[in-house]
Amino acid sequence: MCTLRDYNSDLQHAVNKKIHLTQNSFGYMLVNMSMIHDYIESLNIQGGTRYRSDCPSCGHKNSFAAFNDGMNIIFKCFHADCNVKGRLRVRLSADPPPLRTRNRYEESDKSLDSFHIPDTFVDISRSAVAMRYMKDVNVFDAYSHRTVRLMYDQRLNRAVFLIRDGSKTVDAVGRTLADVKPKWYRYGKSKQLFTAGDARDAVLVEDCASAASVSHLMTGVAMLGTSLLKEHIVQLKKFDTVYVALDKDATKLGLKTVQTLKPHLNVRMLILEDDLKNMEKEKLNEFIRRKTD
Ligand SMILES: [Zn+2]
């Protein structure tokens, strides 16, 4: 599965990144090291705090733990069949500061709505994989019409959707292109929902790709797996009708969302036959028109 060339380049990567490897888990870890490294950095674990999640390598539920002791991030997967384990030096100011470290040390007191586009973001057209992803999930039309602003994060290998508030970029969400968790990663701390389009009716969906894929029909709004906050309700109030898109086997979160919104705005349920971002355009257009007449 792992060629010598991959092995060597991963080893070089580990050396470059000054990752200290535990010897007994050498072979296995190297294959995944750059991925795990990126994953840990993306978590932005503050000094003195612990983080727990599904393992980015074996995928077992809640088996991965990381702790930032101020100097190092010590990480380990507790699943018996997984030997992901190691230590990652917290970069100090002598090192070129990557995005998350800069946030950690310099931007912690800034107001939450100040968001700077990281310099690891480039135009999405510079990544063929990111462009193909956007085509596969029916986002390309919205991109061509400049309904959505897309970028590519070279460092985390993510296709990035910028979150805008008027003409201002207030946050960004990146979809992994390497099957790394989390699938969707939010770069900033804004409470702004991702929206695509400017129609008076909105459809509330799970992710940015689905939101963008319907934006020629209605304003697509992405929940990104969170529960609704007060701030979200305020943002949704401006729409005439908000359709909450639910799977056929409606999730608790979806139903709860409908209940939460009902007292505040005109909300309707939209039971999906298929994931919006995977529907062919004609079928999608027909489906939305039929359901929202
Ligand atoms: Zn594991």
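These legends walk you through several close-up views of the structure.

The model is predicted: local features need pLDDT of at least 70, side-chain atom pairs count only at pLDDT 80 or more, and totals for chains, interfaces and linings use all residues. Residues are numbered from 1 along each chain as its sequence is written.

**View 1. The largest nonpolar core has 49 residues.**
A nonpolar core here is a set of buried Ala, Val, Leu, Ile, Met, Phe, Trp, Tyr and Cys residues joined through C-beta atoms within 7 Å. A residue is buried if 20 or more other C-beta atoms lie within 10 Å of its own, exposed if 12 or fewer, and partly exposed in between, with C-beta atoms placed from the backbone. Among the residues with the most contacts inside this core are Val160, Phe161, Val205 and Val242. Strand E14 (residues 241–246) gives the core its largest share, 5 residues. The element names come from DSSP runs: helices (H or I, at least four residues) and strands (E, at least two), numbered from the N terminus. As a general background, nonpolar side chains in soluble globular proteins tend to be buried together.

**View 2. Val242 and the residues it touches.**
Leaving out residues up to four places away in sequence, Val242 touches Ala202, Leu204, Leu236, Leu261, Leu265, Asn266 and Val267. Two residues are in contact if their C-beta atoms, placed from the backbone, lie within 7 Å.

**View 3. Helix H8 (residues 252–261) and its buried face.**
Which residues of H8 are buried? They are Gly254, Thr257 and Leu261. Seen down the axis of H8, these buried residues fall within an arc of 55°, so they line one face of the helix; the arc is that of the directions from the helix axis to the C-beta atoms. On the other side of H8, look for Lys252 and Gln259, which are exposed. Covering the buried residues of H8 are, among others, strand E12 (201–205), helix H7 (230–236), E14 and strand E15 (267–271).

**View 4. An open sheet of 5 strands with mixed pairing.**
Follow the strands in the order E11-E13-E12-E14-E15. Two strands pair if DSSP finds at least two bridges between them. Strand E11 (194–196) and E15 are the edge strands, each pairing on one side only. From one strand to the next, the twist averages 25°; axes are lines fitted to C-alpha atoms, for helices over the stretch in contact, and angles run from 0 to 180 degrees between N-to-C directions. E12 and strand E13 (residues 219–222) pair in the parallel sense over 4 bridges, and Val205 stands opposite Ala222 in E13. H8 packs on this sheet, touching E12, E14 and E15, and its direction makes about 165° with that of E14.

**View 5. An antiparallel open sheet of 5 strands.**
Here the order is E6-E7-E8-E9-E10. Strand E6 (121–123) and E10 stand at the edges with a single partner strand each, so one side of each is left without a neighbour in the sheet. The twist averages 35° from one strand to the next. E6 is joined to strand E7 (residues 150–153) by 3 bridges, with Asp123 opposite Met151 in E7. Helix H4 (128–136) packs on the sheet, touching E7, strand E8 (158–165) and E9, and its direction makes about 65° with that of E8.

**View 6. Two hairpins that share strand E8.**
E7 and E8 run antiparallel and are joined by 4 bridges; the partner of Leu150 in E8 is Phe161. Between these strands the hairpin has 4 residues, and Asn157 takes a positive phi near 50°. E8 and E9 pair in the antiparallel sense over 8 bridges, and in E9 the partner of Phe161 is Val173. This hairpin has 2 residues between its strands, with Gly166 in the turn at a positive phi of about 65°.

Most residues other than glycine have a negative phi, and most peptide bonds are trans. Asn138 is not a glycine, yet has a positive phi of about 60°. Asp179 lies in the loop between E9 and E10 and is exposed, with 9 other C-beta atoms within 10 Å.
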